[in-house]
Each structure stands twice: as C-alpha cells, then as structure tokens.
Amino acid sequence: MNAEFLKELETQRGYLMRVARLQLRDTALAEDVVQDTLTAALTAQGGFTGKSSVKTWLTGILKHKIVDAIRRKQRDPISASTFDEECDIEDLDGLFKTSNGAWESPPSEWGDPEQSLQRSEFFDVMNLCLERLPPATARVFIMREVMELESDEICQELKITTNNLWVILYRARMSLRECLEKNWFGGKEAAT
Amino acid sequence: MDIKRNIRRALGHLIDCPRATRLVSQMQERPLGFRDRQLLKLHLAWCVACARFDRQMHFLREAMGKYRQ
C-alpha cells in the first residue's frame with residue numbers, strides 16, 4: 001500500500017462527500033458510500049493507470065457505489081434520510097449550543113414521573129402546557145397524540161409532508177417537556 | 001482525561017444531541033432504520049441528558065394516553 005497514494009485519496013474525500021450528498025440527500029449514507037469508495041480505490045490501486053486524473057477515476061467508482069446505495073434504499077425506504085428534515089431544523093431556537101451541539105439546558109431527572117399520572121393537578125398543568133403551544137403545532141400534536149391519527153392520515157388531512165410533521169411534533173414535544181419540567185417536575189438536577 | 005474527551009468527541013461526530021433527540025421523537029411515529037437505531041443506541045448509552053429525554057418522551061406519550069381519558 002502506497003502511502004503517497006493513500007494521502008492523495010484522502011485529499012479527495014471532501015469533494016466526494018459533496019457529490020455523494022447531492023445525489024443521496026443523506027449525510028450518514030454519503031459518509032458510508034465515500035468510505036466504501038476510498039477503500040475500493042485503495043485495493044484497486046493496481047488498476048489505476050494514471051491515464052485520467054485521480055479525481056476522475058474516484059468519481060467513476062463513487063458513481064457505482066451511489067447507484068448501489070440508491071437501489072438498496074428503494075428496498076428499505078424507512079432507513080432513508082433525515083437529511084431533509086435536518087435542513088428544516090437548523091433554526092431550532094436555542095435548544096442546543098451551536099458551537100458543539102450540547103444541550104443549552106439539559107433535562108433534569110424526573111424520578112418516577114408515572115406517580116404524577118394519579119394527580120388531577122398534573123393534568124391541569126398538562127392542559128396549561130398544551131395551551132401554550134402555538135395553535136398550528138397544538139393541532140398537529142393533538143391529532144397525533146389524542147386523536148391517535150397515523151402520520152400519513154395527518155399529512156393528507158393537513159397537506160403537509162412527513163418531514164414537516166416530524167419537525168412540528170418534535171417542536172411540540174420539546175416545548176411540552178420544558179413546560180412540564182418548569183411547572184411540575186421542578187427541575188431537580190441529579191449529578192451529571 | 002484526554003482519552004475520554006477524545007472518545008466523546010469522536011462519538012459526537014457519529015451523532016450529536018440535536019440529531020439524537022430528533023430520532024427519539026421520530027421513533028414515536030415510525031421505527032428507525034438499522035443505522036439510525038444503532039447510532040442512537042450508542043449515543044443514549046453515554047449521554048445522560050439524551051437518555052433522560054428518551055425516558056421523558058416515553059412518559060409524555062403515556063401521559064397523553066391518560067389525558068385522552
């Protein structure tokens with residue numbers, strides 16, 4: 001294994017990632033595909049004649065890997081990307097530090113929250129928290145958690161995409177969690 | 001300790017807290033794909049905050065179930 005060649009391949013990683021991400025719309029999957037490509041290139045080093053540039057040669061290998069990945073994805077659509085929805089979520093209102101992705105204010109320990117389900121006062125607080133949700137968000141959350149509609153039923157009814165739905169439900173849950181912690185569970189900080 | 005910090009940083013690149021919490025939420029609507037499931041499991045094993053979030057999301061669904069009644 002030629003160390004120079006290895007280094008050369010590594011310098012192409014960024015470029016390969018950009019191409020893969022564009023095609024696959026899934027960062028995690030793109031990473032896998034690029035890694036496979038570089039590995040294949042290493043083992044096929046003997047086959048590289050130097051006629052085209054390294055970049056062109058690698059792109060050829062990459063394209064095959066991408067096609068394979070897409071074919072596999074069709075067979076298992078559930079494992080496909082969260083990439084789209086990640087784009088929507090980038091603006092997630094200060095819940096996480098932008099510098100390192102850590103929680104701005106991590107959840108505290110709720111102990112044994114099921115006990116609270118025996119208390120009517122708890123559901124008063126729950127009501128309060130639901131009322132505090134923005135109306136469109138609340139509507140979606142209620143459809144899902146109270147009316148128990150399936151995702152596609154809600155999407156059809158409201159003419160939103162699955163990704164939209166996930167983002168909305170995520171926001172709702174984040175918001176409710178925070179509200180319940182503040183107003184009921186009292187933010188008991190267990191040793192972290 | 002340096003090694004621990006490096007491991008945490010490396011694991012963080014696989015899946016960070018924002019992504020983990022999104023997956024935890026998504027799980028309430030549909031099962032995760034194999035890779036996402038593994039990455040999430042790994043993250044929840046070492047991240048106390050997200051592990052709490054996971055438990056609290058389960059509780060929230062249970063609470064909504066009771067609220068229905």
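Predicted model: local features only at pLDDT ≥ 70, side-chain atom pairs only at ≥ 80, totals over all residues.
## Chain B at a glance

Let's start with chain B, which has four helices and zero strands.

Of the 69 residues in chain B, 36% are buried. If you take the contacts in this chain with a separation of 6 or more, 66% of them are between residues 24 or more positions apart.

## Two helices side by side

Now look at helix H2 (residues 17-26) and helix H4 (residues 48-67) of chain B. Their axes come within 10 Å and cross at roughly 15°. Because angles under 35 degrees count as roughly parallel, H2(B) is described as roughly parallel to H4(B). The crossing of these two helices, H2(B) and H4(B), is right-handed.

Which residues meet here? On the H2(B) side they are Cys17(B), Ala20(B), Thr21(B), Val24(B) and Ser25(B), and on the H4(B) side Ala49(B), Cys50(B), Phe53(B), Asp54(B) and Met57(B). Sorted by class, the contact of H2(B) with H4(B) has seven nonpolar residues, two polar and one charged.

The largest nonpolar core has 31 residues. Those with the most contacts inside this core are Val140(A), Leu165(A), Ile168(A), Leu169(A) and Ala172(A), together with Ala20(B) and Cys50(B). At least two residues each are supplied by helices H6 (120-132), H7 (135-145) and H9 (162-185) of chain A, and by H2, H3 (34-46) and H4 of chain B. H9(A) gives the largest share, ten residues.

Leaving aside neighbours within four places in sequence, Ala172(A) is in contact with Leu133(A), Thr137(A), Val140(A) and Phe141(A).

Most residues other than glycine have a negative phi.

Glu148(A) lies in the loop between H7 and helix H8 (151-158) of chain A. Phi of Glu148(A) is near 55°, a positive value in a residue other than glycine. Is Glu148(A) buried or exposed? Glu148(A) counts as exposed, because it has 11 C-beta neighbours inside 10 Å and the cut-off for exposed is 12 or fewer.

Lys159(A) sits in the loop between H8 and H9 of chain A. Phi of Lys159(A) is positive, about 55°, although Lys159(A) is not a glycine. With 7 other C-beta atoms within 10 Å, Lys159(A) is exposed.

How values were computed. Residues numbered from 1 in each chain as written. Chains lettered and ligands numbered in written order. Axes fitted to C-alpha atoms, helices over the stretch in contact; angles between N-to-C directions. Parallel < 35°, antiparallel > 145°, perpendicular 65-115°, else oblique. Left-handed = near helix turned anticlockwise from the far one by under 90°. Contact = placed C-beta atoms within 7 Å. Nonpolar A, V, L, I, M, F, W, Y, C, P; charged D, E, K, R; others polar. Core = buried A, V, L, I, M, F, W, Y, C linked by C-beta atoms within 7 Å. Buried ≥ 20, exposed ≤ 12 C-beta atoms within 10 Å, placed from the backbone.
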